[in-house]
Amino acid sequence: MADITNSKPATGGTSMNIGKILLEGRAFFALVAIIIVFSILSPVYFSVGNFLIMSSHVAIFGLLAIGMLLVILNGGIDLSVGSTLGLSGVVAGYLMQGVEIPAAGVILYPPVWAVVLLTICLGAFVGAINGVLIAFFNVPAFVATLGMLYVARGVALLMTNGLTYNNLGGDAALGNTGFDWLGFNRIGGVPIGVIVLALVALTVGLVLARTAFGRWLYASGGNERAAELSGVPTRKVKVSVYVLSGICAAIAGLVLSSQLTSAGPTAGTTYELTAIAAVVIGGAALTGGRGNVRGTMLGAFVIGFLSDGLVIIGVSAYWQTVFTGAVIVLAVLLNSLQYGRTGR
Amino acid sequence: MTVHQTIRPGATGEVVMSARHVAKHYGAVKALKGVNFDIHRGQVTTLFGENGAGKSTLMKILSGIVTPTSGQILLDGQPVTFHGANDALAQGISIIHQELALAPNLNVRDNIFMGREIRTARGVDFAEEERVTRALMEELEEEIDPLTPVEELRLGQQQIVEIARALQARSRILIMDEPTSALSASEVEVLFKVINDLTAKGVSIVYISHHLEEALEVTDHAVVLRDGAMTAWAPRAEIDLEWIVRNMVGENFDLGSPPESEMGAPALSIEELCVPDPSGHGLVVDHMSLSVKAGEIVCIYGLMGAGRTEMMECAAGRLAASGGAVKLHGQDVSGLSISQRIEAGLVLVPEDRQRDGLVQTMTVGQNLSLASIGAFTRGLFTSRKAERKVVETSIREVTVKTDGGGAMIGSLSGGNQQKVVIGKMLATRPEVILLDEPSRGIDIGAKAEVFKLLAQTAKERGLAVVYSTSEVGECLSIAHRIIVMHRGRIAATFDHTATKEQIMAASGEAVHH
């Protein structure tokens with residue numbers, strides 16, 4: 001896909017030196033380093049099977065991170081994605097258990113495709129509320145989505161009364177089996193969750209690089225006033241990115257609850273922070289206008305492969321937290337090195 | 001007790017500070033070319049010059065914000081080097097910028113003592129600060145309570161607070177950059193009275209203003225800068241308005257002449273347009289009417305705050321009008337969004353290209369094609385080939401000097417960046433183009449190229465062009481018609497045979513009568 005952010009003017013031909021290559025490809029080199037280090041430390045780390053398992057963990061964060069990337073490119077932030085993920089899982093679980101309509105005296109068991117569709121619509125709806133608050137009522141993105149973080153989580157807890165929906169496998173007699181397909185099945189050995197992530201990443205990458213919407217997004221994130229005066233519908237773009245972020249969170253919620261065949265109301269707590277971290281490690285600027293899907297995917301894999309690697313070699317969970325934090329700060333440090341020099 | 005105990009005695013008129021052969025280069029750009037400048041004790045020295053003449057650079061050097069490339073600053077006859085603005089402030093030199101540097105949420109007392117709080121063992125001595133503030137306000141004869149939040153003060157009063165702040169720092173040299181540009185006539189009078197009081201106390205004032213006549217009222221000395229060099233110096237008694245204008249404008253660089261285009265039907269008609277002031281009081285554009293024909297070039301001259309920017313932003317759809325209509329070929333466009341107006345053929349090139357014109361994170365090509373994405377979108381996706389064609393055509397048409405469409409926008413010079421902003425809007429094939437100060441901050445060669453481009457496009461495409469400027473020399477270049485705006489209204493209309501003196505008089509003379 002076209003590289004929107006890293007195209008630099010060719011200054012006289014001798015522009016690329018090793019430091020610059022290392023700086024611009026830092027997420028990639030970090031991932032390679034992680035794989036090499038853990039492969040040396042643990043004999044089981046370097047295997048196709050392990051990579052696929054780790055990738056299916058990455059899928060959840062990766063989906064959230066792609067939505068987050070769109071929001072951050074616009075110069076915003078979406079803190080509600082973790083809660084939206086949890087709420088989506090719970091709603092999917094609720095629909096799978098059957099919807100009782102007392103007036104008609106029947107219990108409806110919607111087929112899995114309908115459950116998936118409705119859940120995605122829910123994610124879009126949550127995102128739309130965020131977007132409208134931010135674009136039309138000028139609520140700061142941080143505050144609007146922080147509020148949504150609480151509201152969505154609260155609704156999820158209310159719906160389940162704090163409990164978890166188990167046994168989402170469905171019943172052949174009711175015609176709603178197949179929910180676990182998303183989380184468990186594989187196509188050509190690759191988990192469905194990873195395939196979903198790849199499809200979403202490719203689509204969003206194409207949208208960013210090759211559509212008018214993508215160009216609008218980069219422009220309004222880089223300079224909203226200039227974009228507006230150039231005829232870019234900046235408010236529509238803003239609402240759209242939050243809707244897309246909500247949809248990504250809903251898809252992640254479906255994949256997660258399918259992997260677990262259960263839907264808990266506290267699923268996805270603090271995942272929004274991991275998603276932000278992946279985007280930042282991927283080289284996107286929190287001020288907007290800079291970043292791409294490739295970088296964000298690398299960022300998600302860096303975080304996922306690092307934390308899984310630490311588990312495999314038996315490092316304490318507490319140390320994992322410390323490492324993750326250090327990696328994030330290091331990434332932001334390098335970002336400011338890269339963008340600080342070129343000048344904003 | 002007076003606040004000015006520390007001002008050293010000395011005869012009025014004696015030189016307290018001077019610049020000797022001061023030059024400042026920004027890369028290849030010479031902002032100042034060896035200027036000599038004297039400040040006299042207890043007197044007002046006014047610096048005249050057009051935008052880009054080097055006034056601000058000189059003031060920044062005198063106030064320690066900028067270090068000169070070469071030359072010397074003498075304070076009381078001794079050479080000094082300032083290490084930043086605080087160093088200059090410590091030596092008694094204050095600058096009051098055009099945009100006031102006050103914290104609107106804090107009260108007058110806290111603003112005056114901001115960063116210089118009177119500290120005691122038990123924290124800040126607010127009582128003493130308040131007492132000093134009251135004394136300062138009495139001295140300035142302003143009834144401002146020290147505990148009023150600054151945001152509740154009128155602009156003129158805020159300026160008094162800035163002056164008080166400078167006095168509190170025991171400044172003996174006060175540099176005022178366009179202090180009257182946002183003031184009402186009565187506020188200007190108050191300011192002049194304060195200036196007279198200050199000079200009587202031995203404070204030296206450096207004054208910069210575009211209101212020539214107004215400046216003549218207060219000044220004791222006049223210094224004129226042009227293109228970074230001092231062109232004239234004289235005491236007040238020897239000069240008049242005509243002398244200033246002659247020295248300011250000088251031999252004119254040829255910025256072209258009005259093209260002999262065929263004028264068509266009125267393309268843009270502005271009828272009784274009103275734009276409310278953001279503060280909610282009054283109108284920035286006051287029942288203004290203007291009609292521009294296809295192929296015609298109209299120049300709008302006016303001082304800062306005359307309403308030029310607001311008129312253009314309202315016509316382009318950025319600001320809402322409170323009355324009147326904007327018509328494009330007779331069709332009212334009032335209800336249309338910015339993008340719909342661009343589609344209809346009405347575009348704006350904004351005044352501040354960094355803030356409103358360019359997306360710094362994007363390349364030259366992406367900036368150029370930003371307003372015409374539709375032209376190279378095939379179905380869902382943009383066509384790279386078609387986009388490259390659009391970009392290459394634009395680069396050629398507006399003659400941008402760049403390594404190519406893939407270069408980052410920040411790698412271009414100011415003049416070329418401005419061409420990109422203009423090229424972006426021209427790529428939408430407009431019928432009316434509004435340009436707000438298209439020559440701002442670009443060198444004279446680039447200016448000539450921009451004007452040539454506009455003249456050519458007006459002639460070849462029958463484009464209606466409206467541009468604004470605050471440099472009178474630019475009015476008498478490619479414009480068929482010159483409109484002088486003042487306080488949101490049209491103060492005068494000239495054709496291209498007008499003289500600079502006539503135009504300047506029409507914009508400034510109406511100020512205090």
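I began with the second largest pocket, which has a volume of about 820 Å³. For me a pocket is an open set of points on a 1 Å grid over the protein atoms alone, where a 1.4 Å probe fits, with protein on both sides within 12 Å along at least five of seven lines. The volume is the space filled by probe spheres set on the points.

A note on the source: this is a predicted model, where local features need pLDDT of at least 70, side-chain atom pairs count only at pLDDT 80 or more, and totals for linings use all residues. Residues are numbered from 1 along each chain as its sequence is written, and chains are lettered from A in the order in which they are written.

Next I listed the lining (residues with an atom within 4 Å of a point). It holds 30 residues, and A:G231, A:V232, A:P233, A:T234 and B:S339 lie nearest the pocket's centre. Helix 10 of chain B gives the most, with 5 residues; helices here are DSSP runs of H or I, at least four residues, numbered from the N terminus. I sorted the lining into 12 nonpolar, 11 polar and 7 charged residues, with Asp, Glu, Lys and Arg as charged and Gly among the polar.

Then I checked the domains, whose bounds come from an automatic or database assignment. Domain 2 (261–345 + 431–512) and domain 3 (359–429) of chain B both give residues to the lining of this pocket, so it lies between them. I also noted that the C-alpha centres of domain 1 and domain 3 of chain B lie 42 Å apart.

How values were computed
Heavy atoms only, no water. Helix = DSSP H or I, 4+ residues; strand = E, 2+ residues; numbered from the N terminus.
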